[in-house]
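Hi there,

Here is the structure I promised to pass on. Have a look at it first, and then read my notes below.

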Amino acid sequence: MPSSATPGGFLLVLAIVLPVMGLLLALFLGGRYAERVAIAVMPIGLALAIAVAAGVWHSRNVLQYFVGGWVPPLGVALRADGFSAVMLVTTALLVSAIGLFARAQFPTLPNSETRAPLVFWTLLLAVWAALNAVFLGADLFNLYVALELLTFAAVPLVCLDGRAETLSAALRYLLFALLGSVLYLLGTVLLYGAYGTLDIVLLSSRVHGEPAAWAALSLMTAGLLAKAALYPLHLWLPPAHAGAPAPASAVLSGLVVKAPFFLVIRLWFDVMPRLPDHAAAQVLGILAATAILFGSVIALRQDRLKLLIAYSTVAQIGYLFLIFPLAAGAQTGHPWSGSAWTGGVLQAISHAFAKAAMFMAAGLVYEALGHDRIAGLAGIGRALPITMFAFGLGGMSLMGLPPSGGFVAKAMLLTAAVGEGQWWWALVILVGGLLAGGYVFRVLARALADPNDTLTLVADISRTRQAVVLAVALVALVLGFVPLRPSGLLLIGRPDATVMGFK
Amino acid sequence: MSAATLYGLCSAVLVGLGLFSLIVHPQPLRKILGFNLIGGGVFLLFGAVARRGAAAGFGGDPVPQALVITGIVVAFSATALAVTLLLRLFQQTGQATLASDE
């Protein structure tokens, strides 16, 4: 771990500052320009994210920057390891695609300023800035602020249309998120009180298995689980994600829930790599398994397309948390943890693309039909072939059919589960895949059926928007061609990289 | 009992009360107040932690105080956002309750 700022460290500052500048500029110039500012920021942000990833890959080490030149424990550091770099690029790609998709839904009209587009474009930039701050933060209190900024940007996205039901969904989301963040903050105080620093690298060498550390770990994990909507703290997610406008749902389901997951990973693998024992990881595994089975079964029983996709998110979040029983405590010798680690991270990325594509496809279906009842979908496959094809490709990734990112992710988790002799997780992964197949085919079977009477479309859907959805789904598919072994990029900056089978 | 221990115990009571109110009460306004109670407890704990700097011959550790100020600002904005959402909900439906789960 370098002790001074690395070359290219300023890129990390730019990655956070750029969306904030865009956001301020959009607010200052007003509704007419908000969309143009957001669209202009996107390619620059994407280039920055790729530059950070290239820098991490090229130097085979973390990029680091000390804000104001103050070195921790007094100062605050920004750090990008392999995992951060991958999440930065995923976020930049998805935000740009969602931006292109949303242009038709939130247009800024030449002579009037309407509120919804202004709010959407500024909040999209705010979510982006907050996500980058979460992925790059190296100080636990800084991460708390980033997490809160993310909540404040994400909650209003749920109730953009201002209907009573979305307002109550947003309020419930906010209450869960506030409980989560205050528990996280409580854990942060305990850590500061016990060890006198909040810098992740410094903490990792000071933390020992004493009551304060255990209490902090449990409180912070519980708080982050509420924000990540892991069963049984998922109650807020389906109404919020299903009620939001389609581009907002894609941001919330694809990206926003990944931020608290990212922080649980930071906590368990970076802050306290030696602390979590087998039993604690198994508890998270049981919650994850319940989420997979419960979320999938409830998804099977939904009548509305967007709710089905939202419950599927509850299930797919479960797969993310299988990383803990399979890879936590790597230093106590889990020979397969490298596979589980890569599989879990790939699941986060491929789910982001697949779920964003599915929510955007559902949004187009809703616009074309004026409803999203699954029973009334017959014939939509013929009317919107590109959209339904993209939906199917996203579904393939959720099921884990080859070739798709979901397949590689689930195959690696499966290998790790079998390799470590924890076969019960393998069983859950397989049953979850079957159930996902069930709910995706339920939609596709209706969509490809012959309509009894002619299907009336209430709106024309432009080819460009369908192409964006297809492109996002194709990224989820292309992720299926990454090699089936622990990834070198993802292990850069990991303290336990050699244990995980990577030098 | 030292002052720091007393503060710590008070903060534990506040966190407990707030958590109870946040989880048990169905009305959103009480949940928001519960959140603020927990917040108050956490900030008090920051104060207790800052006193520990006094043991090293300083008047107190300034870092937790800087963190508390930021924390209060964040909690204040969170409360403002929650109350605004609740007010909008009240204007639309005439009730300040969350609909039960579907």
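**Helix pairs in chain A**

Let me start with a crossing: helix H1 of chain A passes helix H4 of chain A in a left-handed manner. Before going further, please keep in mind that this is a predicted model. H1(A) covers residues 10-29 and H4(A) covers residues 115-136; the angle between them is about 165 degrees, and their axes are 9 Å apart. With angles over 145 degrees counting as roughly antiparallel, H1(A) and H4(A) are therefore roughly antiparallel to each other.

Which residues make that contact? From H1(A) come Leu12(A), Ala15(A), Ile16(A), Pro19(A), Val20(A), Gly22(A), Leu23(A), Ala26(A) and Leu27(A). H4(A) brings Trp121(A), Thr122(A), Leu125(A), Ala126(A), Trp128(A), Ala129(A), Asn132(A), Ala133(A) and Leu136(A). By class, the contact of H1(A) with H4(A) has 15 nonpolar and three polar residues, and no charged ones.

There is a second pair to look at. Helix H5 (residues 140-158) of chain A packs with helix H10 (residues 246-256) of chain A at an angle of about 145 degrees, and their axes are 9 Å apart. The crossing of H5(A) and H10(A) is left-handed. On the H5(A) side you will find Leu150(A), Ala154(A), Leu157(A) and Val158(A), which meet Ala248(A), Val251(A), Leu252(A) and Val256(A) of H10(A). The residues of this contact between H5(A) and H10(A) divide into eight nonpolar, no polar and no charged.

**Chain A as a whole**

Stepping back, chain A has 20 helices and two strands. Its C-alpha trace spans about 70 × 55 × 40 Å along the principal axes. How does the radius of gyration of chain A sit with that of a compact globule? For 503 residues, such a globule would come out near 23 Å, and the 22 Å of chain A agrees with this.

Of the 503 residues in chain A, 63% are buried. If you take the contacts in chain A with a separation of 6 or more, 80% are accounted for by residues 24 or more positions apart.

Gln466(A) is in helix H20 of chain A, which runs over residues 463-478. Is Gln466(A) buried or exposed? Gln466(A) counts as buried because it has 21 C-beta neighbours inside 10 Å, and the cut-off for buried is 20 or more. Leaving out its neighbours within four places in sequence, Gln466(A) is in contact with Leu364(A), Leu384(A), Ile386(A), Thr387(A) and Ile461(A). As for Leu448(A), 18 residues away from Gln466(A) in sequence, the C-alpha to C-alpha distance between the two is 17 Å.

Val469(A) also has its place in helix H20 of chain A. Val469(A) is buried too, since 32 other C-beta atoms lie within 10 Å. Not counting residues up to four places away in sequence, Val469(A) touches Phe101(A), Ala357(A), Met360(A), Ala361(A), Leu364(A), Thr387(A) and Ala390(A). So where is Phe353(A), 116 residues from Val469(A) along the chain? The C-alpha atoms of Val469(A) and Phe353(A) are separated by 9.7 Å. Note that Leu364(A) and Thr387(A) are among the contacts of Gln466(A) and also among those of Val469(A).

Chain B has three helices and zero strands, with its elements running α-α-α from the N terminus on. A compact globule of 102 residues would have a radius of gyration near 13 Å, but the value for chain B is 17 Å. The box filled by the C-alpha atoms of chain B is roughly 60 × 25 × 20 Å along the principal axes. Buried residues account for 33% of the 102 residues in chain B. Among the contacts in chain B with a separation of 6 or more, 51% come from residues 24 or more positions apart.

Cheers

Conventions:
Residues numbered from 1 in each chain as written. Chains lettered and ligands numbered in written order. Predicted model: local features only at pLDDT ≥ 70, side-chain atom pairs only at ≥ 80, totals over all residues. Axes fitted to C-alpha atoms, helices over the stretch in contact; angles between N-to-C directions. Helix = DSSP H or I, 4+ residues; strand = E, 2+ residues; numbered from the N terminus. Parallel < 35°, antiparallel > 145°, perpendicular 65-115°, else oblique. Left-handed = near helix turned anticlockwise from the far one by under 90°. Contact = placed C-beta atoms within 7 Å. Nonpolar A, V, L, I, M, F, W, Y, C, P; charged D, E, K, R; others polar. Rg over C-alpha atoms; globule rule 2.2 N^0.38 Å. Buried ≥ 20, exposed ≤ 12 C-beta atoms within 10 Å, placed from the backbone.
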